[in-house]
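Here are my comments on the model, as numbered points. Please read them with the structure open.

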Amino acid sequence: MGRMLIGKGKSVYKGISIGKIFVYKKAEKNIKKEIIEDTAAEVVRFEAAKAKALGQLKGLYEKALRDVGEEEAMIFDIHQMLLEDLDYNDSIINMIEGENVNAEYAVFLACEQFSAMFLSMDDDYMRGRAADIKDISERVISILNGTQAAPEAMAEPVIILAEDLNPSETVQLDKDKLLAFVTQKGSANSHTAILARTMNIPSLVNTDIDLDMAYDGATAIVDGFAGVIYIEPDEVTMAKMQEKKAKADEQRALLQELKGKETVTKSGRKVHLYSNIGSIQDIDTVLENDSEGIGLFRSEFLYLGRDTFPTEEEQFEAYKTVLSKMEGKKVIVRTLDIGADKQADYFGIAEEENPALGLRAIRICLIQPEIFKTQLRALYRASVHGKLSIMFPMIISLKEIMEIKDIVAEVKSELDKENIAYGAVELGIMIETPAAAIISDILAPHVDFFSIGTNDLSQYTMAIDRQNPSLDAFFDPHHEAVLRMIQWTCESAHKHGAWCGICGELGADMDLTQKFLEMGIDELSVSPAYTLALRKRIRESE
Amino acid sequence: MASFTYTIKDELGIHARPAGMLAKEAMKWNSAITIDNGTKKADAKRLMAVMSMGVKKGQVVTISAEGEDEAACIQAVEKFFEENL
């Protein structure tokens, strides 16, 4: 046991986690080529790393088998088989012995060679296997050079200590194995922070802590109330934190009592209380927290963390699953919102000076309607399986709405021609640019609903980049300009028979709940973890 | 040499999992086992090579075994195809 170490950060979810640390270092992108004299020893080093990787995969397979069933576990079985492939192994060993190179470099070259082979095949399934080759190779390389593989390699739930986590890394994390995130960088409004809230995970960003491998496996406490991480805590701290954790758990239990209760103010006004989610797995949390629907389903997860566009079929299956699981409760899917801080290389979007003001979201969809139509077809086809609404992000003009409606009409007439059924689907837009908020009276007659995305609306109104932590001090979440735009948007909607909700982080801000109710907001969509606390707040409001 | 021909029934063709299981099965035998779809050939013990043939549903493949245990081997491999592909 060393001495207790304290790090301070910005908390993104209030809660306490106690557990072991997993130091997550990204595998070196640039593998260095080194000349090795003792090639026999280098082969032994490779074989040992491979054996360790196989052990990790076996552990993952067994855990996944217990937790999620054989179908999901199979991937780890396949990874083991791939790692034992004779050609792959021959290629690595020949490289080490014939070229006198280090094992990392040999694995890296074999990875390039074999993933290229799969990528060149004329079959989507086989092309997708290139990602598996990369995955197994990275696993071996990170064992070789002492960095850890992705956090999923952990068998036990852990507190992840990392420099930063980007959205596509975060979506790949196994949620069952996360006790907390603690990152050196990142801002309270980043997507990783939003994800931590969705998953009820106490997490700190912008934390002053070294990324020392010596912490790996050490016991730590993350206090999301105070924004503190204690590494190797002393007995007094441990006792105090255990007590604090017990209290927090008790409070959570109290909230559980509100399950099944109506979301209605004292004066009898009903508010729709929905959830924001970013993947199919989040639905379990939505249902656990007794949410009344999904007010924002970020469809990006279908596009991130892969090398090719998702097919119509893949998307259809995903939407169908969500709609069926929600059993007739409303599900509002937001169409593709790639760009800005959420990037996927295969979109081929050129590097931009200012991506937040660049080619993103609906702009991509209108420029490349084929991408958009695939998503809309999948959505309309899935609409027969539940109660679907679709909303469009980053709208600034009526012209865009008209173009969208033309494309929707095309999609529907194509489905009609093919005799494919679809249901009645509500169409709405995100109000997340000052432009859309200000002309909301012009837009309202053409949509069924507005959903105010307060994160982007705030960032564009105050001209503050939400990914830049050094600006947090200037950011005023209750800025009057933002509140006035919300009020005006709500009035515009009601004047034209549309409804108006809030799906940004501000929707969960309990200090504003009363104000939103007075404005006449019809729906609040928040991280599932906030559902019951917000229901409590609404029931106590006038 | 012993051989049989087989029409692939699996929706995904010879995909990763059956190819991996086939490699495991093939490793049990001393015989050299070859898969041939008319245009490409691969050693059944080599998973990625088999996958890279890209054998799809409905395609006919010829599997042959050559070695001292070829008779028993080909029987076992044929059973494997019937059960898994």
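1. Start with A:Ile294. Setting aside neighbours within four places in sequence, A:Ile294 contacts A:Tyr274, A:Ser275, A:Ile277, A:Val286, A:Met326, A:Val331 and A:Ile332. Keep in mind that this is a predicted model.

2. A:Ile294 belongs to the largest nonpolar core, which has 74 residues. A:Ile294, A:Tyr319, A:Val331, A:Leu379 and A:Ile429 are the members that touch the most other members. Helix H12 of chain A, residues 369-382, gives the largest share of this core, six residues.

3. A second core is separate and holds 58 residues. Its members include A:Leu82 from chain A, and B:Ile35, B:Cys73 and B:Ile74 from chain B.

4. Next, the contact of the two chains. Chain A puts in 15 residues and chain B 14 residues. On the side of chain A that touches chain B, the elements giving two or more residues are helix H2 (70-83), helix H3 (86-99), helix H4 (103-119) and helix H5 (124-144). H2(A) supplies the largest share, four residues.

5. The axes of H4(A) and H5(A) come within 8 Å and cross at roughly 175°. Angles over 145 degrees count as roughly antiparallel, so H4(A) and H5(A) are roughly antiparallel to each other. From H4(A), the residues that meet H5(A) include A:Val107, A:Phe108, A:Cys111, A:Phe114 and A:Phe118. On the H5(A) side, they include A:Met126, A:Ala130, A:Ile133, A:Val140 and A:Ile141. By class, this helix contact has 14 nonpolar, two polar and four charged residues.

6. Now chain B. Chain B has three helices and four strands. Along the sequence, the pattern is β-α-β-β-α-β-α. Of the 85 residues in chain B, 42% are buried. Consider contacts in chain B between residues at least 6 apart in sequence: 70% of them join residues at least 24 apart.

7. In which order do the four strands of chain B lie in the sheet? The order is E1-E4-E2-E3, in an open sheet with antiparallel pairing. Strand E1 (2-7) and strand E3 (41-43) of chain B are the edge strands, and each pairs on one side only. From one strand to the next, the twist averages 20°.

8. Look at one strand pair in detail. Strand E2 of chain B, residues 32-36, is joined to E3(B) by three bridges, and the two run antiparallel. Within this pair, B:Thr34 stands opposite B:Asp43 of E3(B).

9. A helix covers part of the sheet. Helix H3 of chain B, residues 70-84, lies across E1, E2 and strand E4 (60-66) of chain B. H3(B) runs at about 10° to E1(B).

10. Last, a glycine in chain A. A:Gly186 sits in the loop between strand E5 (178-183) and helix H7 (191-198) of chain A. Is A:Gly186 buried or exposed? A residue is buried if 20 or more other C-beta atoms lie within 10 Å. A:Gly186 has 28 other C-beta atoms within 10 Å, so A:Gly186 is buried. A:Gly186 and A:Val205 are 19 residues apart in sequence, yet their C-alpha atoms are 5.4 Å apart in space.

Technical notes: Residues numbered from 1 in each chain as written. Chains lettered and ligands numbered in written order. Predicted model: local features only at pLDDT ≥ 70, side-chain atom pairs only at ≥ 80, totals over all residues. Pairing = 2+ DSSP bridges. Axes fitted to C-alpha atoms, helices over the stretch in contact; angles between N-to-C directions. Contact = placed C-beta atoms within 7 Å. Core = buried A, V, L, I, M, F, W, Y, C linked by C-beta atoms within 7 Å. Buried ≥ 20, exposed ≤ 12 C-beta atoms within 10 Å, placed from the backbone. Parallel < 35°, antiparallel > 145°, perpendicular 65-115°, else oblique. Nonpolar A, V, L, I, M, F, W, Y, C, P; charged D, E, K, R; others polar.
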